[in-house]
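Here are my notes on this entry. Please keep the coordinates open while reading.

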Amino acid sequence: MPDQESLCLGIDVGSVSTNLVLIDDHHNIVYKKYLRTQGQPIPVVQEGLASIEKTYPKMKIQAVGTTGSGRQLAGAIVGADVVKNEITAHAVAACCFQPDVQTVIEIGGQDSKIIILREGVVTDFAMNTVCAAGTGSFLDQQAARLGIPIEDFGEIALRSQNTVRIAGRCTVFAESDMIHKQQVGHSMADILAGLCGAMVRNYMNNVGKGKQIRPPVLFQGGVAANLGMRKALEEELNCPVVVPPAFDVMGALGAALIAKEQVEYSNQLTRFRGFGVSERSFQVDTFICSHCANHCEIVNISIEQELVARWGARCGRWNVKEKNSKYPHSDSAS
Amino acid sequence: MKITFPHMGTAYIPFRALIQGVGYHAVVPPRCTQKTLALGTRHAPESACLPLKINIGNYLEAQQQGAEGILMAGGIGPCRFGFYGTVQKEILQDIGIALEMLIIEPPQQGWSAFINQLSYLTRKVTKGEIAQTLALTWAKFTACDRLEKESLKTRAYEATLGDTSRVLHHSLELVDQASSLQMVRQAVRTGLTSFKAVAKDLDREVLTVGVVGEIYTLLEPFANFYLEERLGELGVIVQRQVWFSEWILHHIVLSAFKKRRNGNLLRLAKPYLTHFVGGHGLETVAHTAAMAKTGADGIIHILPFTCMPEIVAQSILPEVSRDYQIPVLTLVVDEHSAEAGIHTRLEAFVDLLHNHKRAFQKASKGVETFGKKEMYPIA
């Protein structure tokens, strides 16, 4: 039982989901929790911590890392040892699962990325910039429109006999094209498979453009659960696409791995505030600094009236001095 | 008459000196903010590139502060910048803003027009005063660039976040206030001394990154989401490859006399791109190769969305990156870009460069690097 053991915690606060992962000394996942963020990162992180505490009341946390678009906020709440961007976190997790990985395709709720690695080192990456077509949110929305549970989306798509071609440049046009194909009388399976194909083409043009995609290819992020997307990717890339068992929490896994390294390397005690955090009250308030024309939006995070973090300023005027860190919230590797 | 001009990094300092030197009142537009961009975006064509939109915002904000005329540069070649002045003039006319626009076309367009425009601008002052003004303006251009260059080196090592930027702003203010060549020189000396005095953490593992691309997005921090400051805070020495003073020297002074511009540099671009494509497209390719040769850890290429010359360069850079084994990150900015997205990419790129550097050093030495435990053996 991992009760007495010391484990490392990784938290990935994304646009759609918030994931928590506990890993042991051998980088094995002993616990994972997938929660919907629903625009409320603080209560969701607190909920996640509370459920960990309930499962393992005596466990000790050795290190904590946060990642995802809400990484700074989550890091401030729990007292993270490492606040890491999601690209690095995904790459680290992918390498841990398959050390010879050369390409990581990650499709999440609102963003998609590609990471190119050679011999365990990231050599190139890209994230979607101008378009969020082909990400989880759109597939969610279409599944809801068609009245099928998102969990069944992929399986239905796999049953397709004659995939129809759907316009994938823009999600609005993709939707109207799908409606048209439905009205012409194509089957649900063919339309869903066509949609997967369109999303993959969009991904390749947007994110994968000009990248040297070589096997082994890992497919991770929430959308990797969709078998139809996986098959469409395999057809497009003409090589097998591996979905790791922990595909939906790879970001959190990466954050936990990096935090573990960092704490072991620096020989410091974790800055984790303890599970009590889940019961304390957090205040977030914002104000606009009028010191110069930049009009930065400053965010204050406090626990029971005590200021614990602040960000948003372009200059150093509002920095909170932190005791244990030379570079507060610094994200550089060293 | 009160004259304004568009912002472009620190160029407001020499521009102010130039306009005041030829006998006008200079109205420096308020610093670029989201409001500036929102104003510009409302009135500019959607598909125009980002600089044009920010320029329009600058004019409108300056007009509220009493500006009556605009000084703008023209241009030749395939880059759309050449039409900026004319298009902006029409936009302002359409929305009923009465601002007189003086567009100075470069002398390559024809010396007589160039001289006519200049003599119109300088009609209030004597030849001696013109010479003095040009000398002071030029001194301020080089002073600003000198100070910025120093700040880029200092920031990567600063022990307290924000110290370097404070010194930079203060010394730029001194340059702005200087009314003689001697005062400019003094301001630079004071600035350089203060940079030396900034508390530094010399143990920090720093990286060197070359920044290349379209000149406006390179020079105007608002347009590039304060790229250089953010990189400095992440422990990166930024080597910006395009400077206003050098641009003037190469593109206006030397090129007007048909002198070869930076031939040695451009030769590096030869295997990939053999001719001028407008803007800094050719230079971007050449600088990337040159930076790789000098041992930079990586390159960041920045361009406004729809910038043709830089799109040409962007399609070539992957090849240069492979040949010289140097990582390249391309950032495309426009009014829809989000600061968080840019910063996530910068952070990830800095991680990539650290790991790349370690892997490379390990491979070349065959032993563990730095004599300490690897941070991310798994990455």
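1. Conventions. This is a predicted model: local features need pLDDT of at least 70, side-chain atom pairs count only at pLDDT 80 or more, and totals for chains, interfaces and linings use all residues. Residues are numbered from 1 along each chain as its sequence is written, chains are lettered from A and ligands numbered from 1 in the order in which they are written, and side-chain values use heavy atoms, with hydrogens and water left out.

2. Domains. Chain A is assigned domain 1 (6-89 + 251-278) and domain 2 (99-243). Such bounds come from an automatic or database domain assignment. Over C-alpha atoms, the centres of the two domains of chain A are 28 Å apart. Five residues of domain 1 and nine residues of domain 2 make the contact (heavy atoms within 4.5 Å).

3. Buried area. About 580 Å² is buried between domain 1 and domain 2 of chain A, 68% of it on carbon and sulfur atoms. Buried area is the accessible area (1.4 Å probe) that two parts lose on being put together, summed over both.

4. Salt bridge. Which residue forms a salt bridge with Arg36(A)? Asp140(A) does, with the closest N and O atoms 3.6 Å apart. The criterion is a side-chain nitrogen of Lys or Arg within 4 Å of a carboxyl oxygen of Asp or Glu. The count between the two domains of chain A is one salt bridge.

5. Cavities. There are three cavities of 30 Å³ or more. On a 1 Å grid over the protein atoms alone, a cavity is a set of points where a 1.4 Å probe fits but cannot get out. Grid points are joined across faces, edges and corners, and a volume is the space filled by probe spheres set on the points. The largest cavity has a volume of about 90 Å³. Its lining (an atom within 4 Å of a point) includes Met1(B), Tyr24(B), Glu100(B) and Arg123(B).

Notes:
1 Å grid on protein atoms, 1.4 Å probe; cavity = no way out; pocket = protein on both sides within 12 Å on 5 of 7 lines; lining within 4 Å.
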